[in-house]
Amino acid sequence: MISTVLPTYNRAPMEFVSGKGTWLDNKDGRRFLDLGAGIAVNALGHAHPALVEALTTQANTLWHVSNLYHIGPQQKLADLLAEHTALDTSFFTNSGTEACELAVKMARKYWFEKGQPERTDIITFSGSFHGRSAAGIAAAGSEKMTHGMGPLLPGFVHLEFGDHDALTQAAKSPSVGAIMVEPVQGEGGIRPLPDACLKGLRDLCDEHGLLMILDEVQCGVGRTGKLFAHEWAGIAPDIMMVAKGIGGGFPLGAVLATENAAQGMTAGTHGSTYGGNPLACAVGAKVMEIVTEPAFLEDVNRKAGLLRQKLEGLVAAHPDVFEEVRGSGLMLGLKCKATNIDVVNAGYDHELLTVPAADNVIRLLPPLTITDDEIADAVSRLDKAATQVTADG
Ligand SMILES: *Cc1c(COP(=O)(O)O)cnc(C)c1O
């Protein structure tokens, strides 16, 4: 008989009942060091006192009113995002997938209003991930996600990651209106787009008048050591998708846009019952306040250097298990020679949580609040896990 929860996930045989900082306690009383952070979501760790306070204060005040009215915490979060990015306006969603939906609609509507309704196509790249909705899977276009799900939403041009010639060619097409890309691919296996490529993409968009849509759902909100990953390249997008870390564990996403890119989205063109609700936005505003303190990101960068250095040592010590360290900031991947799932499972045996990704990679996405001692502890657990994988292999 089918389980009462639709079986779309291959779940590890574990259930966590509470968390604090970088640690999670399971039902059997085992304590795990969490380098997955709920897939880059718990950016400030579990049960961060300031987030618990923001949520409970809001919960005691006002939960939901709908977007028929002005919502104070939503306005506050929108102001913070506008203050700390080059983008002017935000629409709030409950997830990254919903952010993708709006980004696609916004790009299409932009060109429609510009009198070029034929520019419906959005260029996307192999290995990308933009969510599991009909638009999200059509955007990414991988066989794994789209198999049996057709007919797919039209309007996406899929290019090979790194194929510059195909890109230059596609950008000239009169039916193309935008490019959508993750500055660091997450699900695709922690594949950063080099700064020069991101700059090149920006130039290409400017040259052909295309909208640059950045999906910072996984790499944003301090994860790479800048508030948003594209800042490393010194460029700014026209439209940006945000989710995961922004809610610190509370469901929250957003689409940010320049005034120009958002010009088609007038009253009545989009909506959400829950999007931008007081609870989510109160937490999101608190996350933003904490992550935008200059000392916070300085510390993320320092710790990222420490973790990376230790991981390089780990790879050198286990050349049969690992191939290389990749990624940016505290969004790191270990490309494996052994099977990545075996390494993740061996981690469980040593009370360590990591997350598998495509391209035979394991992802390390710790809370940005991880301490130096926890970094050392995590690498020593990875070392034990790797030794075990070698012994089992
Ligand atoms: C997780 C993710 C999404 C989808 O977000 P959900 O909140 O799961 O809907 C979209 N894009 C990227 C880059 C992601 O990592």
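In this predicted model, R326 is in contact, once its neighbours within four places in sequence are left aside, with G189, I190, R191, R308, M331, L332, G333, K335, D359 and V361. R326 itself has its place in strand β13, which comprises residues 322–328. One of the contacting residues, R191, stands 135 residues away from R326 along the chain, yet the C-alpha atoms of R326 and R191 are separated by 7.2 Å. R326 counts as buried because its relative accessibility is 11%, and the limit for this class is under 20%.

Attention now turns to the ligand. The residues found around the ligand are S95, G96, T97, F129, H130, G131, E182, D215, V217, Q218 and K244, and this shell divides into 2 nonpolar, 6 polar and 3 charged residues. Individual distances can be given for several members of the shell: an oxygen atom of the ligand lies 2.5 Å from an N or O atom in the side chain of T97, and an oxygen atom of the ligand lies 2.6 Å from an N or O atom in the side chain of K244. In the case of G96, a polar backbone atom is 2.9 Å from an oxygen atom of the ligand.

Notes: Residues are numbered from 1 along each chain as its sequence is written. This is a predicted model: local features need pLDDT of at least 70, side-chain atom pairs count only at pLDDT 80 or more; totals for chains, interfaces and linings use all residues. Side-chain values use heavy atoms; hydrogens and water are left out. Helices (H or I, at least four residues) and strands (E, at least two) are DSSP runs, numbered from the N terminus. Buried means under 20% relative accessible area, exposed over 50%, partly exposed in between (1.4 Å probe, protein chains only). Contact means heavy atoms within 4.5 Å. A residue is near a molecule or strand if one of its heavy atoms lies within 4 Å of it. A polar contact is a pair of N or O atoms within 3.5 Å; within protein, one must be able to donate a hydrogen and the other to accept it, and residues adjacent in sequence count only if both atoms are side-chain atoms. Ala, Val, Leu, Ile, Met, Phe, Trp, Tyr, Cys and Pro count as nonpolar, Asp, Glu, Lys and Arg as charged, and the others, Gly among them, as polar.
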